[in-house]
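This report covers selected side-chain and secondary-structure features of one model. The sequence and structure come first.

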Amino acid sequence: MAKKVTGYLKLQVPAGAANPSPPIGPALGQRGLNIMEFCKAFNAQTQKLEKGTPTPVVITIYADRSFTFEMRTPPVSHFLKKAAKLEKGAKATGREHVGSVTKDQIKEIAEQKMKDLNCATIESAMAMIAGSARSMGIDVKE
């Protein structure tokens, strides 16, 4: 018989850096989950990723206080900043341009993010990512 799901918890945790301090500890602790078990499992699964990469996680919480988690791909903004070699986006979007990315870089990002995006084709995913780049003050070059 399947376990009864009592809830879901969404967190964004740096790859390889899960520890019991806030925000992870309090979020899991108030739901009665084993914090160290999550930290060890998450760090083991993310050891192949670049350390510190923000990784979205959806934790499924069951009635018997057990859990499973599913990792997603890092946010589009992380990939765009990495491609444009930036620390952060523009302060005044629309008026300030801080970097640029090529169509090839956008296609590469779209291919990586395709499973997490709500898009049917790679072209629509590229359009979505190009829009995110413009909102961050990053120019899209041919």
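Which residues does Lys113 touch, not counting residues up to four places away in sequence? They are Thr73, Pro74, Pro75, Val76 and Phe79, where contact means heavy atoms within 4.5 Å.

## Basis

This is a predicted model: local features need pLDDT of at least 70, side-chain atom pairs count only at pLDDT 80 or more, and totals for chains, interfaces and linings use all residues. Residues are numbered from 1 along each chain as its sequence is written, and side-chain values use heavy atoms, with hydrogens and water left out.

## Lys113

Lys113 belongs to helix 4 (residues 103-113); helices (H or I, at least four residues) and strands (E, at least two) are DSSP runs, numbered from the N terminus. Lys113 is buried, that is, under 20% relative accessible area, against over 50% for exposed and in between for partly exposed (1.4 Å probe, protein chains only).

Lys113 has no salt bridge, defined as a side-chain nitrogen of Lys or Arg within 4 Å of a carboxyl oxygen of Asp or Glu. Asp116 is the nearest side chain of opposite charge, 4.2 Å away. Lys and Arg count as positive and Asp and Glu as negative, while His and the chain ends are not counted.

## Helix 3

Helix 3 (residues 76-83) has Val76, His78, Phe79, Leu80 and Ala83 as its buried residues. These buried residues pack against strand 2, strand 4 (99-102), helix 4, helix 5 (122-135) and strand 5 (138-141). Just after helix 3, Lys85 has a positive phi of about 55 degrees.

## Aromatic rings

The whole structure holds 4 aromatic pairs (rings of Phe, Tyr and Trp, its six-membered ring, with centres within 6.5 Å; planes under 30 degrees apart are stacked, over 60 edge-to-face, the rest tilted). Phe38 and Phe42 form a stacked pair, 5.7 Å centre to centre with 25 degrees between the planes. Both lie in helix 2 (residues 35-45), 4 residues apart, about one turn of the helix, and both are buried. Phe38, Phe42, Phe67 and Phe69 make up one aromatic cluster.

## Strands 2 and 3

Strand 2 (residues 54-62) and strand 3 (residues 67-71) pair in the antiparallel sense over 5 bridges; pairing requires at least two DSSP bridges. Phe67 in strand 3 is the bridge partner of Ile61. The two strands form a hairpin with 4 residues between them, and Arg65 in the turn has a positive phi of about 65 degrees.

Glu70 is found in strand 3 and is partly exposed, at a relative accessible area of 44%. Leaving aside neighbours within four places in sequence, Glu70 contacts Pro56, Val57 and Val58.
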